[in-house]
Amino acid sequence: MDILTQKRVTDNGDGLGYFRHSVNYIYKEKNEPDEELIQIKGYGVSDTNKNSTYDQMYAVKKYYRKTGDNPVMHFVVSYDRKTVADAETACAYTEKIAGHFNGDYQMITAVHLEDQVNSLYHTHIVMNTVNLNNGKLYHSGKSELNELAMHVHNVTGNYCKAFIKPSEG
């Protein structure tokens, strides 16, 4: 079984906000033994510089005058270790999952190797909530999450259980 978690946090209270921290986290190297940052990939944004990634996403928000709204969606897909046992598969699945948003949203993804009981690989998808083509905000309800979970299922062939992680403060 794959696990899809949607994190909804608008700010973590230290002035940088969840938007900046989410983008920074994508670029962060894993420091624990047996953990590794495998791949970073940008969709409509730089995937080589965290400040450029943030600035490019923010520019779209500014253009559409949506700088005060929920800044990003942060999805985490934990792949079942029985079916995703190598980095190549995890990266290929991540690209197909990102394709669900059909080029409408800027995203930065990171694939991590990290042993978490039933999962060896997981992916972070940090997505700008402003649609590049029309400026509308991404609706982050349960039906959209279930639709994404079905897409994950179609990509991996595994049942995908979806959760909305409550705000931490």
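**Exercises on aromatic rings and cysteines**

F101 is buried, its relative accessible area being 5%, where buried means under 20% relative accessible area, exposed over 50% and partly exposed in between, with a 1.4 Å probe and protein chains only. The model is predicted, so that local features need pLDDT of at least 70 and side-chain atom pairs count only at pLDDT 80 or more, while totals for chains, interfaces and linings use all residues. Residues are numbered from 1 along each chain as its sequence is written, and side-chain values use heavy atoms, with hydrogens and water left out.

**Exercise 1.** Classify the pair formed by the rings of F101 and Y138.

*Solution.* Rings of Phe, Tyr and Trp (its six-membered ring) pair if their centres lie within 6.5 Å, and planes under 30 degrees apart count as stacked, over 60 as edge-to-face and the rest as tilted. The centres of F101 and Y138 are 5.9 Å apart and the planes stand at 75°, so this pair is edge-to-face. Y138, at 14% relative accessibility, counts as buried.

**Exercise 2.** Determine which cluster of linked rings includes F101.

*Solution.* F101 also forms an edge-to-face pair with Y105, at 6.2 Å centre to centre and 85° between the planes. Ring pairs join F75, F101, Y105 and Y138 into a cluster.

**Exercise 3.** Decide how many disulfides the structure holds.

*Solution.* A disulfide is a pair of cysteine sulfur atoms within 2.5 Å. For C91, the nearest cysteine sulfur is that of C160, 18 Å away, and C91 is in no disulfide. The structure accordingly holds zero disulfides.
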